[in-house]
Structures are given as C-alpha cells and as structure tokens.
Amino acid sequence: MVSSIYNATVIGKIIVNPDLMIIQISTDEPKSEFEAGQHTLLGLYGFEKRSSNSAIESFPADHDQLIKRPYSIASAKGETRHFEFYISQVKSGQLTPRLFNLNIGDRVYVGTKISGIFRLDETPDGTDIIMVATGTGIAPYISFLRSSIVDRPESKIVVIQGAARRWDLGYYSELTFLEKSYANFFYVPTLTDPDDRWEGYQLCIEDLLRKDILQNEFNITPDPERTRFFVTGKPEMVGHVSEWLHDFGYEKHHPDNPGEMYVEEF
Ligand SMILES: Cc1cc2nc3c(=O)[nH]c(=O)nc-3n(C[C@H](O)[C@H](O)[C@H](O)COP(=O)(O)OP(=O)(O)OC[C@H]3O[C@@H](n4cnc5c(N)ncnc54)[C@H](O)[C@@H]3O)c2cc1C
C-alpha cells in the first residue's frame, strides 16, 4: 500500500493564525539525538487533501508522489520521538497546504535523518548569542532555548523576532515567559504593521540593528570575538543583516570555514 511509508502520527496542532501553525508529531520509532538548530524532512503524498484556505497549486504534485521538504525542529534536543515544528502555509505550495489539512491522529512521513550546520551548541562558552528571525525562522531558537538556556548563565542571549502583525509572533508567550524567568535572556519582538495597542518596537529588524539597539539596550557590541549571531528567515532580511555584520568583521559560518555568523534562509 502506497501510504505505508508514513512513519509518524500528528499528536498536536496549534493554529497561530490561518497560515501559521505549530504541529507536534510522534514518530513510530525513536530517532537519533539531534542538536538544537537542526532540521528533518516532513512528507505527504500528492493524493492528500489540501487545506480549505489554500490556493491552486502552482506546480501540481503527482498523485503518488511523496512530497518532502525540510523543517527546523523546535523541540528540545533530548527528544527522540516527539517533534515540534512551526510551519507557515505557502498557499500555492505543494506540501504546506497538505500539512495544514492534517488533524490529530493523521499519519505523516518524517525523514530518517536529522541534519544541518545551523548548530547553536557550537558557540564558545561565555560568548553572547544574538538570534534574529522573521517568520518560522524562530523555530531553531525555540529548540536552543528549550535545550540550553539553563546551561549558559554567563552569556547574554537575545532573540530579535520580526513580524508584520501581533498575531504573526509565534511563541510570543513562551519567549515572554523566558524573559521574565532568566536574567540573561532578552526578547525583542518588533512589528512592521502594528495595531494601536502595540507598545513595542515598530521597525524592521535591519533598522533596529542599525539604530544600535544591542549597544544601547543590552550593552552588547557586535564583535566577532565576543558575540555570535544567528540569522534565519526571509532572504532579504538575512542578506541585509549579513551585510551589516560583515562591516563588523563577521564571516559566514561553514563547517570547512568556521565563522561567527550562522545563516539560514527560508
Ligand atoms: C533548512 C530549512 C529549514 C526549513 N525550516 C522551515 C520551518 O521550520 N518552517 C517552515 O514553514 N518552512 C521551513 N523551510 C521551508 C520549507 O522547506 C518549504 O520550502 C516550505 O514549507 C514551502 O513548501 P511547499 O511545498 O508548501 O511550497 P513549494 O511547492 O515548495 O513552493 C514554494 C514557492 O515556490 C514556488 N515554486 C514551487 N515550485 C517552483 C518551481 N519549480 N519554479 C518556480 N517556483 C516554484 C511556489 O509557487 C511557491 O510560491 C525550511 C527550509 C530549509 C531549507
């Protein structure tokens, strides 16, 4: 039977807004341990139903094709069976409208490997850590905070999360709670299209950084020796922040060429 490749079950689904969800999946077999920041594949067949608020597929998937895409894991690194993902629906995409149509108890494919060089555990002890994200780029940072915030009391850890509107800020409650709980953790949400009740920052991430928010608010200097940067999300933001960091002497991290700036676009 074609669906026998499915090896996991949906155990939780939280709709953040109609096009953003947190989905929790339990695999039939335990996976090898992973590091915070890594990703795995999720997959569904082309014959699965698409969500009711999706659009016509730009490139229709074949009925019997297993559509697979990588997703960052938001769970703490000790997990081997229960995995959480934060997913944005691409309305005309192949996989995400099918993922959005899943309900608790439905079956899904999870890749056999967990991989990725976006490894938050590689930062030297004592360095400050700045994590910058738009959209679902926040997922690897949630994994890191859930895994390691207690192990890094000597580091200042800052999460800067950019979104258009308040209801696009996934994990807002968890991040706010962490900020209240840990003296070395700072959460900076910023909105580009806020409503009247929003009292936080109202700039895009690039402008916040250019206005020296890190220096002024947290006494953190962008210095490759003392501060590591992680940047995930929209390619445009990632490009601008990378350029800004380059001027301070930051180099992009690659396993063959270690740098102080870790970058992932999606
Ligand atoms: C390392 C990594 C981690 C990621 N983690 C996450 C995550 O945590 N959460 C998350 O939401 N996403 C994540 N992504 C993105 C994810 O893998 C998918 O790309 C995304 O969900 C869209 O998948 P889709 O099948 O719905 O869209 P697709 O069908 O892949 O389409 C995406 C867009 O491209 C267009 N398109 C499709 N095919 C073509 C083509 N042949 N030519 C031109 N345009 C085309 C579509 O119209 C659509 O606008 C990650 C990506 C990477 C690389």
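Is strand β3 (residues 39–45) mostly covered or mostly uncovered?

1. Strand β3 is mostly covered, since five of its seven residues are buried. A residue is called buried if 20 or more other C-beta atoms lie within 10 Å of its own, exposed if 12 or fewer do, and partly exposed in between, with C-beta atoms placed from the backbone. Strands are DSSP runs of E with at least two residues, helices are runs of H or I with at least four, and both are numbered from the N terminus.

2. A note on the source: this is a predicted model, in which local features need pLDDT of at least 70 and side-chain atom pairs count only at pLDDT 80 or more, while totals for chains, interfaces and linings use all residues. Residues are numbered from 1 along each chain as its sequence is written.

3. Strand β3 pairs with strand β4 (residues 66–72) in the antiparallel sense, over seven bridges. Two strands count as paired if DSSP finds at least two bridges between them. Strand β3 also runs antiparallel to strand β6 (residues 107–110), and two bridges join them.

4. The protein chain as a whole has six helices and eleven strands. Of its 266 residues, 39% are buried. The C-alpha trace spans about 60 × 45 × 35 Å along its principal axes.

5. Does the radius of gyration agree or disagree with that of a compact globule? For 266 residues such a globule would have a value near 18 Å, and the protein chain has 19 Å, which agrees. The radius is taken over C-alpha atoms, and the globule rule is 2.2 Å times the number of residues to the power 0.38.

6. Among contacts in the protein chain with a separation of 6 or more, 71% are between residues 24 or more positions apart. Two residues are in contact if their C-beta atoms, placed from the backbone, lie within 7 Å.

7. The domain assignment gives domain 1 (2–110) and domain 2 (120–265); such bounds come from an automatic or database assignment. The C-alpha centres of the two domains lie 26 Å apart. Their contact takes 17 residues from domain 1 and 16 residues from domain 2.

8. On the side of domain 1 that touches domain 2, the elements giving two or more residues are β1 (8–17), β2 (20–27) and β5 (82–88). The largest share, four residues, comes from β5.
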